[in-house]
Amino acid sequence: MEGNIEYFHLTTPQQNIWNLQKYYGDTAIANLCGAAFFPERRDGNLLRKAVCQFIWSQNGIRLRFCEGKEPMQYVSEEVDEDIPIMTFDSRQEFDQYAEIFAREPVGLLERQMYRFVVFHLDRESRSGVLVVLSHLISDAWTFGLMANQIDVAYRGLAGETDEALFCGNYADFIQSEEQYLASARHEKDKEYWHEKYPARPEECPVKIRSASMDEVEAKRIARNLPLCLEQGDCRIRREIPGDRGRFV
């Protein structure tokens with residue numbers, strides 16, 4: 001503790017991401033980018049306030065990092081309210097902007113680990129929120145939570161609902177991992193894996209990256225999931241021999 005700030009060690013997943021980010025320096029390798037599209041055009045100022053409420057409700061989004069003898073993290077009490085509101089004529093124009101937006105590094109030391117943009121699509125008469133989050137503070141699940149909670153906050157500000165926001169506390173996860181690492185269960189798990197893999201695996205040669213390549217971008221394949229899968233409502237189709245298939 002220093003003053004009123006409580007510092008936490010990095011979790012095991014965070015440490016792996018930290019090492020990767022440190023190796024590649026000031027690049028966007030740990031950036032996660034996504035956008036939430038709402039079905040109608042919304043009030044930009046209310047949407048900006050909704051984003052701020054979401055950031056405040058999730059202290060994991062407000063994590064910041066510092067480095068002394070080892071990297072540490074703490075929760076900032078600041079919320080960046082300077083969120084731009086932008087208007088795009090078409091989805092193509094938006095996609096071009098989002099591609100550049102996603103490539104800009106978020107940062108690492110003593111900086112906010114997020115960037116938000118509220119946007120309107122004129123041709124589609126709808127609005128949305130574009131965001132880049134550092135992988136140190138988020139994963140794919142974060143984006144689903146974000147879209148839902150910003151919608152809840154917006155409708156609350158518009159007087160359409162009194163539903164409360166879900167407040168997440170990342171410190172709970174940090175403490176649960178520390179408790180696990182100090183537990184008998186961890187020792188039992190470690191013993192199991194030592195018995196399962198008693199010998200060190202053979203080293204696998206890694207192809208040396210061409211010196212002319214200075215990009216860290218990888219090829220990506222995008223797939224859109226059906227809405228029922230995203231909401232968990234789809235039944236599983238099981239193929240049965242001699243049958244046309246049944247839903248179970």
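**View 1. I137 in the loop between β7 and α4.** In this predicted model, I137 lies in the loop that joins β7 (126-134) to α4 (140-157), where helices (H or I, at least four residues) and strands (E, at least two) are DSSP runs numbered from the N terminus. I137 is buried, at a relative accessible area of 8%; buried means under 20%, exposed over 50% and partly exposed in between, with a 1.4 Å probe and protein chains only. Leaving out residues up to four places away in sequence, I137 touches G60, I61, L63, F65 and M113, a contact being heavy atoms within 4.5 Å. From C-alpha to C-alpha, I137 and R62 are 8.3 Å apart in space, although 75 residues separate them in sequence. Residues are numbered from 1 along each chain as its sequence is written. Because the model is predicted, local features need pLDDT of at least 70 and side-chain atom pairs count only at pLDDT 80 or more, while totals for chains, interfaces and linings use all residues, and side-chain values use heavy atoms, without hydrogens and water.

**View 2. The second largest pocket.** This pocket holds about 460 Å³ of space. Of its 21 lining residues, I137, D139, W141, T142 and Y170 are the closest to its centre, and α1 (12-24), α4 and α5 (170-181) are the elements that give two or more residues to the lining. A pocket here is an open set of points on a 1 Å grid over the protein atoms alone, where a 1.4 Å probe fits, with protein on both sides within 12 Å along at least five of seven lines, and lining residues have an atom within 4 Å of a point; points are joined across faces, edges and corners, and the volume is the space filled by probe spheres set on them.

**View 3. N59 in the loop between α2 and β3.** N59 sits in the loop between α2 (44-57) and β3 (63-67) and is buried, with a relative accessible area of 12%. Beyond residues up to four places away in sequence, N59 touches V75, G168, N169, Y170 and A171.

**View 4. I150 in the largest nonpolar core.** Of the 42 residues in this core, F116 and I150 touch the most other members; a nonpolar core is a set of buried Ala, Val, Leu, Ile, Met, Phe, Trp, Tyr and Cys residues joined through side-chain atoms within 4.5 Å. Not counting residues up to four places away in sequence, I150 touches F38, L47, A50, V51, F54, F116 and V129.
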